[in-house]
Amino acid sequence: MIPADSGEPPLIGSRGTRCLRREQLQNECADSLKKISDVTARCLAALQSGDRLKFDALDRELEHSVGAKERAFGALWAHCGEHGC
Ligand SMILES: [Zn+2]
């Protein structure tokens with residue numbers, strides 16, 4: 001388990017080996033989740049301020065961020081499956 005308050009990936013995988021590629025991919029996953037969180041907060045602020053144009057722009061950015069998150073996790077799980085790490 002990764003502690004929720006830690007931005008650091010675990011150094012040792014479930015099979016007891018360290019894989020730098022997995023750590024890199026995991027960092028990208030973490031960054032993509034942080035991006036979604038950030039854009040969501042700005043989206044909410046735009047909604048509450050009644051700024052429709054800003055909201056629409058951020059809503060599109062949020063969709064792109066979710067797509068990037070899906071790709072990041074897809075790459076991570078594909079690597080883990082292929083590499084066995
Ligand atoms: Zn690996």
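Visitor: Is Gly-84 buried or exposed?
Guide: A residue is buried if 20 or more other C-beta atoms, placed from the backbone, lie within 10 Å of its own, partly exposed in between, and exposed if 12 or fewer do. Gly-84 has 11 C-beta neighbours inside 10 Å, and therefore counts as exposed.

Visitor: What kind of model is this, and how are residues numbered?
Guide: This is a predicted model, in which local features need pLDDT of at least 70 and side-chain atom pairs count only at pLDDT 80 or more, while totals for chains, interfaces and linings use all residues. Residues are numbered along each chain as its sequence is written, starting from 1.

Visitor: How many helices does the protein chain have?
Guide: Helices (H or I, at least four residues) and strands (E, at least two) are DSSP runs, numbered from the N terminus. The protein chain has zero strands, and its helices number two.

Visitor: What distance do the end C-alpha atoms of α2 span?
Guide: The expected span of a helix is 1.5 Å times one less than its number of residues. For the 32 residues of α2 this should give 46 Å, and the end C-alpha atoms agree, because they are apart by 46 Å.

Visitor: How are α1 and α2 oriented to each other?
Guide: Axes are lines fitted to C-alpha atoms, for helices over the stretch in contact, and angles run from 0 to 180 degrees between N-to-C directions. The axes of α1 (residues 20-48) and α2 come within 8 Å and cross at roughly 160°. Angles under 35 degrees count as roughly parallel, 65 to 115 as roughly perpendicular, over 145 as roughly antiparallel, and the rest as oblique. The two helices, α1 and α2, are therefore roughly antiparallel.

Visitor: Which residues of α2 are buried?
Guide: The buried residues of α2 pack against α1. They are Leu-58, Ser-65 and Ala-72.

Visitor: Which residues of α1 are buried?
Guide: What covers the buried residues of α1 includes α2. These residues of α1 are Leu-25, Gln-26 and Cys-29.

Visitor: What percentage of the residues of the protein chain count as buried?
Guide: Buried residues occur in α1, including Leu-25, and in α2, including Leu-58. Of the 85 residues of the protein chain, the share that counts as buried is 7%.

Visitor: What phi does Gly-84 take?
Guide: Gly-84 lies in the segment after α2 (52-83). Its phi is positive, at about 70°.

Definitions and conventions
Two residues are in contact if their C-beta atoms, placed from the backbone, lie within 7 Å.
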